[in-house]
Structure formats: C-alpha cells, structure tokens
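Student: Hi! I have a new model open and would like to go through it with you.

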Amino acid sequence: MPEPLIAEIDTAWRQFPGRTGIAVQRIDGDWVTGKRLGELFPQQSVSKMWVAMTILDQVDSGRVRLDQPVRITMSDLAVFHQPIRDRVVANGMVEETVLSLLEQAITASDNTANDSLLRTAGGPEAVRNFIERKRLGKIRFGPGERQMQSQIAGMSWQQEYSIGRRFYAARAELPFERRKAALDAYLADPVDGAAPDAIAGALARLARGELLSPASTRLLLAMMERTKSGPNRLKAGVPPGWRFGHKTGTGQELDPVSTGYNDIGIMTAPDGTRYAVVVMIASTTSPIPSRMAMMQAVSRAVATNHR
C-alpha cells in the first residue's frame, strides 16, 4: 500500500469541512485505504448501481430480457432529475426497453428510468435480496426515489409532485424546523446508507466479473464510462491515458447544508491496473467547487501514486 497515497488522502480529508468517507481499493491487488471506511453514508443516486446489478442478474438468469418492453405512464413519474418525464407528459405513456432504461439510469441518472427498472426487478426487496445474496456488506437500499425524497424533506409523497416544480414548491412551504428535523434524522440513520469500503469492494468484484455474467459485466462497465453526470468530480482528477467509469449521487440541500454529494468509480491505468475509488460527502457547508476539488485530489492522488 503506497504510504504517500495514504498521506495525500488524509490531507484532502482533513482539509475538507464536512463529514466525508473515502475508500480506495486496488482491484487487482490486496489493499484498501481511506477514511471512515465502515460508516454509513447517504448514497442518493449511487444506489442506482445496485438496481442495475439486480436487473442484470435477472437478465443473466433468464427472468428478464434486455429487449423487454417497460411501460411508463404519468403515475410512474418520480421526482428531481428525470429527463424521460417530458416524453411521458407529451405522450401520456412511453414504452422503453430494459436496456434503454439502464442506459438512462446510469449515464443520465434518470430517477423515473431507475424506478421503472426497480419496479421491473420486483421492487426494493429484490435489490436488498441481491445485496444480501452477493454478500456486498454494509449497503442499504431505500424505498424508491419518491418515498425516500419525500421523507428526507419531511413530506408524504403525492403523485402531483412529479410534475414541473411542484415538489420544490410544496417543500418550500414547510417550516424550516420540520425540514431540518427530517433531514437530520436521515443523515443520522440513512435509509440508503452504505459504507465506503463496502462500495469499493462491490465495484472491485464487479470489475473482476464476480457479480454478473461476462456480458452483463461489460455492459455495465461500459455504461459507467459513458456517464454524463459529475464531469468535474472524481473524473476531472483522472489523468489522460487513464479510463474512468463512475456513478454520482446528489442529495437535498437545506441552506447552508448540502447532503449526499458523492461519486464512485473505477479508474484503469494505462497498464491495465484498476482501482475502485469512492468519495461520499454526507453533509457539508462547503461550496460545490471545493467539493469537486477535494474529489479531484483523491483521484489525482491515486494516479500519482500508481506503481
């Protein structure tokens, strides 16, 4: 284990104002290092990885097909980032294949696409069963975007919140104290919490082909490399010549606190050596540019200390 890497991670971690978890695992080696490795951190959209793995595991077993159609109606729309929503609203209903929904959930972090995959897979319990069966460790899976995000805000879900900015408007009407109590409760015991070392371990096992079939492994890793979200998080610290596939997560804000600001990924060196890299910011008052800079410091340190 490179001692300079440990020192650089320690510096980045100590200088950043917020509760942060970091894990770096050499996938083709035998070490893992980081900070708050075993503590639970809110995942937010990082949890889309487990939905994708669950549905691909079902593809591998023949229970689901990649070309299987999934109908999405107005009653299926979720909250926050969901690019698919405009087409559903315009047409009243759309039909997407499982493969298309996977692409939209991973590369664009579309919440409705992800919830539609979740529904197809058999709901949250199917994902929890996958996590347990594959022994992924300290990784929780929540109740789905609509219910979870409502709970975090101190609200109860109503389907009308999926349209336009109605969720934001309803949330803005709540007393600050109610929102803070709900957010504090979530941060103290996140329903979608995961430990950085468990996430790194899961990424390592995915990369080594231990969780899915070779075809499904290649498919998911390629989608991660096409991810559009978070270009200035971990990815911006990965030097030219390296490959990087990742999944971001971004939680709710209650000024001045931002929550669940995450990025997890697999860095591949020019010589083929791979590292699982996980940075989870549970809560911080630091502005976005400094969050990005801290993440970049971690991925840059991994590359600098690669031997």
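Student: What does F80 count as, by relative accessibility?

Tutor: F80 counts as partly exposed because its relative accessibility is 22%. Buried means under 20% relative accessible area and exposed means over 50%, with partly exposed in between (1.4 Å probe, protein chains only). Before we go on: this is a predicted model, where local features need pLDDT of at least 70 and side-chain atom pairs count only at pLDDT 80 or more, while totals for chains, interfaces and linings use all residues. Residues are numbered from 1 along each chain as its sequence is written, and side-chain values use heavy atoms, with hydrogens and water left out.

Student: Got it. How many aromatic pairs are there in the whole structure?

Tutor: The search finds 6 aromatic pairs. One of them is F80 with Y168, a tilted pair at 5.5 Å centre to centre, with 55° between the planes. Rings of Phe, Tyr and Trp (its six-membered ring) pair if their centres lie within 6.5 Å; planes under 30 degrees apart are stacked, over 60 edge-to-face, and the rest tilted.

Student: Where in the chain do F80 and Y168 lie?

Tutor: In distant parts, 88 residues apart. F80 is in the loop between strand 4 (69–73) and helix 3 (85–91), and Y168 is in helix 8 (residues 166–172). Helices (H or I, at least four residues) and strands (E, at least two) are DSSP runs, numbered from the N terminus.

Student: And Y168, what does that count as?

Tutor: Y168 counts as partly exposed, because its relative accessibility is 29%. Another pair is W157 with Y161, which is edge-to-face: 5.8 Å centre to centre, with 80° between the planes.

Student: Are W157 and Y161 buried or partly exposed?

Tutor: One of each! W157 is partly exposed, with a relative accessible area of 23%, whereas Y161 counts as buried at 10%. Ring pairs also link F80, W157, Y161, F167 and Y168 into a cluster.

Student: New topic: which charged ends sit over the ring of Y261?

Tutor: That of R233 does, 3.7 Å from the ring centre, and that of R291 does too, 4.8 Å from the centre. A charge sits over a ring if NZ of Lys or CZ of Arg is within 6 Å of the ring centre and within 35 degrees of the ring normal.

Student: What about the second largest pocket, what is its volume?

Tutor: About 190 Å³. Helix 11 (214–225), strand 7 and strand 9 each give two or more residues to its lining, and the largest share, 4 residues, comes from helix 11. By class, the lining has 6 nonpolar, 2 polar and 3 charged residues. T268 is one of the lining residues.

Student: Where does T268 lie, and is it buried or exposed?

Tutor: T268 lies in strand 9 (residues 257–268), and it is buried because its relative accessible area is 9%. Leaving aside neighbours within four places in sequence, T268 is in contact (heavy atoms within 4.5 Å) with W242, R243, T273 and R274. R243 and R274 also line the second largest pocket.

Student: Last one: how many cavities of 30 Å³ or more does the search find?

Tutor: It finds 2. The largest cavity holds about 70 Å³ of space, and helix 5 gives the most to its lining, with 3 residues. The second largest cavity has a volume of about 30 Å³, with a lining of I152, A153, R179, L183, Q252, E253 and L254.

Notes:
On a 1 Å grid over the protein atoms alone, a cavity is a set of points where a 1.4 Å probe fits but cannot get out, and a pocket is an open set with protein on both sides within 12 Å along at least five of seven lines; lining residues have an atom within 4 Å of a point. Grid points are joined across faces, edges and corners, and a volume is the space filled by probe spheres set on the points. Ala, Val, Leu, Ile, Met, Phe, Trp, Tyr, Cys and Pro count as nonpolar, Asp, Glu, Lys and Arg as charged, and the others, Gly among them, as polar.
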